[in-house]
Amino acid sequence: MNEAIQIEVFRNLFASVCDEMGAALQRAAYSPNIKERRDFSCALFDGEGRLIAQGDHMPVHLGSMPASVRAVLGAVELGPGDVAALNDPFHGGTHLPDLTLVAPFWPEGSADSGRRPPLFHVASRAHQADIGGISPGSMPLSTEIYQEGLRIPPVRLVRDGEYDPDLLALILINVRTPAERSGDLRAQRASLEVGTRRLEEMCRRYGAGEVASRAGSLMAYSARATRSLIDAIPDGRYAFEDRIEDDGTGSGPLPIRVTVTIRGDEAVVDFSGSAPQAAGCVNAVEAITRSAVLYVFRCLLPSDVPANEGCYEPLRIVAPEGTIVNARPPAAVAAGNVETSQRITDVVFGALAAALPDRIPAASSGTMNNVTFGGTDPRTGRPFAYYETLAGGMGGRPGGPGLSGVHTHMTNSLNTPVEALEHEMPVVIRRYALRQGSGGDGRNPGGDGLVREYEFGAAAEVTLLAERRTTAPWGLRGGRDGSPGEDRILHAGGRSERMPGKFRVRVVRGDVLSIATPGGGGWGPPGRRPEGDDS
């Protein structure tokens, strides 16, 4: 088998391990956020914690998971049958709802298993619908990490195949929906078991040494491909600036600035000059910033290039400590993972638009529109907590218009079907439709956002963390901006109240939360397309 064929065969083998892990996690999960929206990611790492392969899951998770695996390797000595857990943003995590599990793998029959480094590691990350904290759903308008939920450093959750009962009890007593959390945790563990079984089958068929060697070949191949991509970008310094509108405490706007310097086949992505870390929860940790940068360059690579540690090799990322792109404890970070990551993506794309004018799209909606709510379900008398993100408009592209009502860039989740949401939660979806006309005009117009309205059947606490409410997703190359989002509470008595992009409010039965998400920016000047242009 020649080298090119071997790379393709093992690329698909490793990816299939991650995809099957994800399928197992989704099937076994309890919460709508995981089983319906697929807000999770699964990945495979080598013995040193380098990313080998990932499933087709959440971009914001996958570029940041290597930090979690390295944190585990530096803090916990894992043996056969062990599983580590963590969510601490300052020790390898991103924000507290994202709980990561990591397990080592040795091939069967290894006489010294546990006395030498594992051959591989398998990992799964899932956004838990509640992990404690001051607000149901654990996405609060916080001002310090301690308000956001239970903070878990790298710890051994499973030892020799058995859960640590004390640690599991500690986690479950700190959340509002312990049965759901227990089910989701067990689903994550099951996904790791699927991954280790598939690795064992690969090692039996090809030999453990060959499988490990091919993992290294894949990383080297991705590094070469990324270097080739960067080498094709004209040398130079390309700068761009955008902003986070506010931090939820009244401070803002908060600029995010980047300079991308291309020299040969290497790129330096420098965020110096970005805002200091904020009082509110919009701070991103360094792993999030690295994830967003990797995502942008990965978008420019051919689709058959594996996304793995090799893609990082030609990139140097400068994210000064104590800024909004590399916050230090005890900064609040709940929205950094979901909102600031989107703006980091925007500014890196914006910088590269000057270098690659015919490859970069206009800005997409630029927000995940994070909705959380919770209270006591009158149908059962038990607490409920729910989280979801809402799609928006994709930016127009050089090759065609943007799509409408889709998740873009750092999020890749599905929508929760109306029937599933109404079955699980005391809410009725009054309206769910595309927001016609919200995409920016252009030769290739931006996609439309959407409108989703929740009528509450019980008193609840509602939190929204969203952006692009006062600043529009920008058009590119003469395209017009998309429409900003708009949020309202339609009170049971008939009064309509305009709300900001970030708020926390108590609603009563009969109140309606109405969210209109931003459209994408247009690409190219509006007007008639040139004759024969089918884009």
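Two strands are taken to pair if DSSP finds at least two bridges between them, and the elements themselves are DSSP runs, numbered from the N terminus, with helices (H or I) of at least four residues and strands (E) of at least two. The structure is a predicted model, in which local features need pLDDT of at least 70 and side-chain atom pairs count only at pLDDT 80 or more, whereas totals for chains, interfaces and linings use all residues. Residues are numbered from 1 along each chain as its sequence is written, and side-chain values use heavy atoms, with hydrogens and water left out.

By these criteria, strand E12 (residues 370–376) and strand E16 (residues 460–465) run antiparallel and are joined by six bridges, with valine 462 in E16 as the bridge partner of phenylalanine 373. Both strands belong to an open sheet of four strands in the order E13-E12-E16-E19, in which the pairing is antiparallel. The edges of this sheet are formed by strand E13 (383–388) and strand E19 (502–507), each of which pairs on one side only. Neighbouring strands of the sheet are turned by 10° against each other on average, direction ignored, where axes are lines fitted to C-alpha atoms, for helices over the stretch in contact, and angles run from 0 to 180 degrees between N-to-C directions.

A second open sheet contains seven strands in the order E2-E1-E5-E4-E3-E6-E7, again with antiparallel pairing, and its edge strands are E2 and strand E7 (162–163), each pairing on one side only. Helix H1 (residues 3–28) packs on this sheet and touches E1, E2 and E5 (contact meaning heavy atoms within 4.5 Å), while its direction makes about 145° with that of E1. Strand E1 (residues 40–46) pairs with strand E2 (residues 51–54) in the antiparallel sense over three bridges, and leucine 51 in E2 is the bridge partner of phenylalanine 45. These two strands form a hairpin with four residues between them, and glycine 49 in the turn has a positive phi of about 90°. Strand E4 (residues 98–105) is joined to strand E5 (residues 120–127) by eight bridges in an antiparallel arrangement, proline 104 having histidine 121 in E5 as its bridge partner.

Glutamate 453 lies in strand E15 (residues 450–456). This glutamate counts as buried because its relative accessibility is 11%, buried meaning under 20% relative accessible area, exposed over 50% and partly exposed in between (1.4 Å probe, protein chains only). Residues touched by glutamate 453, not counting those up to four places away in sequence, include Val428, Arg430, Leu490 and Ser514.
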